[in-house]
Amino acid sequence: MIRTALTREAIEPEEVLRDLSTPEDGAVLLFLGVVRNHNRGRAVEGLTYEAYREMAEKVLESLVSEAEDRYGTDRIVLLHRIGELSVGEVSTAIAVATPHREEAYAASRYLIEELKERLPVWKEERYRGGESEWVGGREPGKGGGGP
Amino acid sequence: MHIRALFFASYGEILGTRELTVEISRASTVEALVRELRSRGEPFSRLPPSPVVAVNREYAQEDTLLREGDEVAFLPPVAGG
C-alpha cells in the first residue's frame, strides 16, 4: 500500500500502520516527527505549518516513488501535518514495510532527509511569552536538494 | 504577458500579500521577474536577489523561461519534518 497526504487532522500511529504490510514483510518501521518544547534555546509552545499544498502533494508522491525504486517496496506511508500543532503532536509520519530490516531503515532515512530538503512546507514557532517566528530552513536546489 | 506570483510564509508577510498578477515582457526569465519585482522598492526590495522559485509547481532555475499564465511561487527556505 502506498499512501501520501498533507493533513490538518491529528496523525495517529495505529492509523499509519493499518493495512501497511504484506505477509512477505518481516520488518515494519515507523518514524514520527514530533513537536518538541524547545528550539535553539527558546521555550516553544507550539507551531504552525504552512504548505504550498498543490506542490507539496506532488513532492510527497515523488519522494515515495523514488523510495519505491531505490528500496524495492511498495508498502510506504508518508504523511505531513499542516496547521497549528502543540508540543507532543506528530508533524511527520513515515512507515515502511520490507522483507528485511535494512531496506526499511534505509527507505525511512531517505524519505525524511529528502522531505526536509524538498517539501515546500514552512514552520512558524510560537514561544512562551507570545512571540512567534518563521524558522530558517533549507534551500531546495541550492546544494544537496533534488532527486 | 501575465504571471501569477505566489508568496509563501515569511515572503508573504514581508509583502503583506500572498498572490499578485505581474505583467512582464514576453519570454522573460525567472531572474527578470525577480529583478522587476525588487525594483519596485519597499517592501519588494526585501525579497532576496535569488530566491528559490517554483514554476508551475516544479523547482526552477534563474534562467527558466516564463510563459503567459505561469504560476511562479517564491519559496523561503523550507522547514518541513
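## Basis of the description

Two strands are said to pair if DSSP finds at least two bridges between them; helices (H or I, at least four residues) and strands (E, at least two) are DSSP runs, numbered from the N terminus. This is a predicted model, in which local features need pLDDT of at least 70, side-chain atom pairs count only at pLDDT 80 or more, and totals for chains, interfaces and linings use all residues. Residues are numbered from 1 along each chain as its sequence is written, while chains are lettered from A and ligands numbered from 1 in the order in which they are written.

The model has an ipTM of 0.95 and a pTM of 0.94. For chain B, pLDDT averages 97, with 100% of the residues at 70 or above (pLDDT is the predictor's confidence in each residue, from 0 to 100).

## The sheet of chain A

In chain A, four strands in the order E1-E5-E7-E2 make up an open sheet of mixed pairing, with strand E1 (2-7) and strand E2 (27-34) at the edges, each pairing on one side only. Within this sheet, E5 (residues 76-81) runs antiparallel to E7 (residues 90-98), to which E5 is joined by five bridges, and A:Val77 has A:Ala95 of E7(A) as its bridge partner.

## Helix H2 of chain A

The 19 residues of helix H2 (residues 53-71) of chain A should span 27 Å at 1.5 Å a residue, which agrees with the 27 Å between its end C-alpha atoms; the expected span is 1.5 Å times one less than the number of residues. After H2(A) comes A:Gly72, with a positive phi near 65°.
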